[in-house]
Amino acid sequence: PVRGFEPDFLYPLENVTIAQGRDAIFTCVVNNLGGHRVSSSVTDTHVNTGGSIVFPTDSSAMKVAWIKADTKAVLAIHEHVITNNARLSVTHNDANTWTLNIRSVRREDRGYYMCQVNTNPMTKQMAFLEVVIPPDISSEETSGDMMVPEGGSAKLVCKAKGYPTPKITWRREDNKEIIVRSNPPSSQKVFSVESEVLSLTKVTRSEMGAYQCIAANGVPPTVSKRLMLHVHCKYRANKLIVDMR
């Protein structure tokens, strides 16, 4: 029998980077799929060790399928969702466009997704779903307001969660310089310090005030926490000695 053109992909399947909680969409455009797109039964399919779907041997219809490549889970065939994940849906927008929709993405949705057509050999393409998480400062692990004696030390700690791992930056709210003292005795004045821990030693009254811990990882929004550093000053009373002689 004379066969038409083999199905192929008109455009590459594009990688998707999305913030947790948003909706992700993969679009697969298949050319020359022909008129046999609908499968009357999708229950007899399975995924082989190579990650490709094996269709029933008596099925000659060309079908588009979606697979989670790393777990080899069949997600959908044609417009039938196979997985029990209620957040997944598939649409067939026009003659050759197939869309996989993942609502309210979670971190565990991260991975490779495959669009596949049951040609012989299989025609498939993959793309990666990256799920990013905006920074969130952990109140339980982050310092609060504190008071230290003049000349004493203060250890300000700020921890944040998110993906990629957030970068922590310390600044003074009044834009004054932070005095970083090291051992052997030397000091450096800077406007910001990139570290989870800000260590202040031999604290003076000039270092008293509001400090900001800022967490950022390129995923909006950037978040910050304000804490007050109070310095308990030492006062010396001069003794007046009166010579009564």
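This is a predicted model: local features need pLDDT of at least 70, side-chain atom pairs count only at pLDDT 80 or more; totals for chains, interfaces and linings use all residues.
The secondary structure of the protein as a whole consists of 22 strands and zero helices. Of the 245 residues in the protein, 40% are buried. The accessible surface amounts to about 14700 Å², and carbon and sulfur atoms account for 51% of that area. When contacts between residues at least 6 apart in sequence are considered, 60% join residues at least 24 apart.

The largest nonpolar core comprises 26 residues, among which F26, V30, W66, L100, I102 and L129 touch the most other members. At least two residues of this core are supplied by each of the strands β2 (16-19), β3 (24-31), β6 (64-68), β7 (73-77), β9 (88-92), β10 (97-102), β11 (111-117) and β12 (123-137). Strand β3 provides the largest share, four residues. A second, separate core contains 20 residues, including I137, L156, I178 and V193.

With residues up to four places away in sequence not counted, I102 touches R22, D23, A24, F26, R87, L88, D109, Y113 and L129. Two of these partners, F26 and L129, are themselves named with I102 among the core residues that touch the most other members.

A further position of interest is V117, which is found in strand β11. V117 counts as buried because its relative accessibility is 1%, the cut-off for burial being under 20%. Leaving aside neighbours within four places in sequence, V117 is in contact with P7, F9, V30, L33, M62, K63, V64, M122 and T123. Of these, V30 is one of the residues of the largest nonpolar core that touch the most other members. Although V117 and A65 are 52 residues apart in sequence, their C-alpha atoms are 6.4 Å apart in space.

Notes
Residues are numbered from 1 along each chain as its sequence is written. Side-chain values use heavy atoms; hydrogens and water are left out. A nonpolar core is a set of buried Ala, Val, Leu, Ile, Met, Phe, Trp, Tyr and Cys residues joined through side-chain atoms within 4.5 Å. Buried means under 20% relative accessible area, exposed over 50%, partly exposed in between (1.4 Å probe, protein chains only). Contact means heavy atoms within 4.5 Å. Accessible areas come from the Shrake-Rupley method with a 1.4 Å probe; for residues, only the protein chains shown count as cover.
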